[in-house]
Amino acid sequence: MQLRQLEYLVALARERHFVRAAAACYVSQPSLSAAIRRLEHELGVPIVRRGRRYEGLTPEGEVVLAWAHRILAERDGLRQELSALGDGLTGTLRLGVIPTAMPAASLLTSPFCESHPRARVSIESLSSIDITHGLAEFELDAAMTYLDDDSLGGLRRLPLYEERYVTPVDGSLATAATARWAQAADLPLRLLGPRMRNRRIMDECFAADGATVTPAIESDSVAGLYAHLPGGRWSSVISHAWLHMFGVPEGMRVVPLEGPVHGPRVGLVTGPDDPPSVLAGALLTVAREADVRQALDERLHTCLNGHGR
């Protein structure tokens, strides 16, 4: 058995197409197919369900795939640990981030790159479901996600901050010190779409304050939401973490929302390997020193006092 055969299998399971998998591995399709057939012969089990096109993995193939992810992750971990003993940490940190935490990701990645200039970071915006899968399959080293997700199981978690919500407004409500969720529900709102976890959390907050909300516009990205806010025609409900990247929309003021429900915790989660990979461990060290909570709270304070544009 060769590691290259395992890499081909992982690529095939990811691409679900022999030609695309071969292209991703920079080999010909016949070479990739032959290598996987040799792997089947060596292990004595069928791995791929074959028809006129790729039809998925057999039950035995799913077991082999899980081991392939684990073995390749151990290979990468060995390289990273040896590099750390030499000229400094190398390799690529694979970080998954839920879209609503992406504006705060630089609070970790920037100091990580400063501490480890020979290492690289690959950031991918993913749903909480995809993050859980990526960590379990060793496709991610770490992730920024909601910590109250039951699917995270026994994965290592480091709390970073608790989401606090504000509403960007102009007019009479802009002079208020705070506002209720029920008051925000009466505004012409632009919110994230209902498929996004953050939106479902907000709907729970509105409901807890006895209100329902029907936004005039919905978006699947934070940037798309912000694009409609300058000018004061639309309002929204946003996490205070978004202020770190986008600030206060032009011509508006942010007002904190108060209600019976607290925002969820966002944290750094690492994969099932124990101890974590060298790269994940290095990021955990940076996260403990960065004090993301304080940085975001200071940014919120600045914005509330009219200096966050």
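1. The model is predicted: local features need pLDDT of at least 70, side-chain atom pairs count only at pLDDT 80 or more, and totals for chains, interfaces and linings use all residues. Residues are numbered from 1 along each chain as its sequence is written, and side-chain values use heavy atoms, with hydrogens and water left out.

2. What is the angle between α2 and α3 (residues 29-43)? The two helices pack at about 100 degrees, and their axes lie 8 Å apart (axes are lines fitted to C-alpha atoms, for helices over the stretch in contact; angles run from 0 to 180 degrees between N-to-C directions). Helices (H or I, at least four residues) and strands (E, at least two) are DSSP runs numbered from the N terminus.

3. Look at who meets whom. From α2 come Phe18, Val19, Ala21, Ala22 and Cys25. From α3 come Gln29, Leu32 and Ser33. Contact means heavy atoms within 4.5 Å. The residues of this contact divide into 6 nonpolar, 2 polar and no charged (nonpolar: Ala, Val, Leu, Ile, Met, Phe, Trp, Tyr, Cys, Pro; charged: Asp, Glu, Lys, Arg; polar: the others, Gly among them).

4. Now the largest pocket. The space in it is about 960 Å³. Its lining has 36 residues, and the closest to its centre are Val10, Arg14, His69, Arg94 and Glu139. Elements giving two or more residues to the lining are α1 (3-15), α2 (18-25), β2 (54-57), α4 (59-85), β3 (92-97) and α6 (128-136). A pocket is an open set of points on a 1 Å grid over the protein atoms alone where a 1.4 Å probe fits, with protein on both sides within 12 Å along at least five of seven lines; lining residues have an atom within 4 Å of a point. Points are joined across faces, edges and corners, and volume is the space filled by probe spheres set on them.

5. Which element gives the most to the lining of the largest pocket? Helix α4 does, with 9 residues. By class, this lining holds 14 nonpolar, 8 polar and 14 charged residues.

6. The second largest pocket has a volume of about 310 Å³. It is lined by 19 residues; Ala73, Gly77, Asp273, Pro276 and Ser277 lie nearest its centre. Two or more lining residues come from each of α4 and α11 (278-290). The largest share, 7 residues, is from α4.

7. Thr132 sits in helix α6. Buried or exposed? It counts as buried, at 14% relative accessibility (buried is under 20% relative accessible area, exposed over 50%, partly exposed in between; 1.4 Å probe, protein chains only). Leaving out residues up to four places away in sequence, Thr132 touches Asp149, Ser151 and Leu152.

8. Val248 is in the loop between α10 (243-246) and β12 (253-258). At 7% relative accessibility, Val248 is buried. Val248 and Arg157 are 91 residues apart in sequence and 31 Å apart in space, C-alpha to C-alpha.

9. Check two backbone angles. Phe138 is not a glycine, yet has a positive phi of about 60 degrees. Phe138 lies in the loop between α6 and β5 (142-146), and is buried at 15%. Asp291, not a glycine either, has a positive phi of about 50 degrees. Asp291 is found in the loop between α11 and α12 (292-304). At 35% relative accessibility, Asp291 is partly exposed.
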